[in-house]
Amino acid sequence: DAHKVEPAFPFGYGLSYSTFALSGVSADARRVTVDVANTGSVTASETVQLYLGFPPNTNEPPLQLKGFKKVSLRPAASTRVAFDLTPRDLSIWDEIKHAWKPISGR
C-alpha cells in the first residue's frame, strides 16, 4: 500500500466458487459492522477482514489488519459481521515512553 503497487493476485484470490457483496458499513469508537451477502449460486464461505489506517504523521503502515471473521452463507443469504475494537487496536507503540499511545482519528 505504501508504494501504491497493485498485487497481481490479492490474498485469497480465486478461492471461492461464489461471489459476495459487502454493504452497510457502520462504525463508532468501539465497533465496526458490515453486512455480507452471498450473491452467487452456491453455498460458500467468505473471510471478512477489517483494516485500520492511522494518520500519516504516526509513521505507521498505511493499513493494519485488526480483525477477520469467516462466515458461511447459502445463496442469497446475508449476515451482519461485527468487529469489536479494543483501546490497543486504536493505539501505536511509543518507543520513547515504552507504552501504547492512543491515536484519535475519524
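This is a predicted model: local features need pLDDT of at least 70, side-chain atom pairs count only at pLDDT 80 or more; totals for chains, interfaces and linings use all residues.
Three strands form an open sheet in the order β1-β2-β5, and their pairing is antiparallel. The edge strands of this sheet are β1 (20-27) and β5 (78-84), each of which pairs on one side only. Neighbouring strands are turned by 20 degrees against each other on average, with direction ignored.

**Pairing of β2 and β5**

- Strand β2, which covers residues 31-38, runs antiparallel to β5 and is joined to it by seven bridges.
- Within this pairing, V32 has F83 in β5 as its bridge partner.

**Salt bridge between D84 and R31**

- The count of salt bridges comes to two, and one of them is formed by D84 with R31, whose closest N and O atoms are 2.7 Å apart.

**Salt bridge between R80 and D35**

- R80 forms a salt bridge with D35, and here the closest N and O atoms are 2.8 Å apart.
- Because R80 lies in strand β5 and D35 in strand β2, the pair ties together parts that are 45 residues apart in sequence.
- R80 has a relative accessibility of 51% and therefore counts as exposed, whereas D35, at 22%, counts as partly exposed.

Notes
Residues are numbered from 1 along each chain as its sequence is written. Side-chain values use heavy atoms; hydrogens and water are left out. Two strands pair if DSSP finds at least two bridges between them. Helices (H or I, at least four residues) and strands (E, at least two) are DSSP runs, numbered from the N terminus. Axes are lines fitted to C-alpha atoms, for helices over the stretch in contact, and angles run from 0 to 180 degrees between N-to-C directions. A salt bridge is a side-chain nitrogen of Lys or Arg within 4 Å of a carboxyl oxygen of Asp or Glu. Buried means under 20% relative accessible area, exposed over 50%, partly exposed in between (1.4 Å probe, protein chains only).
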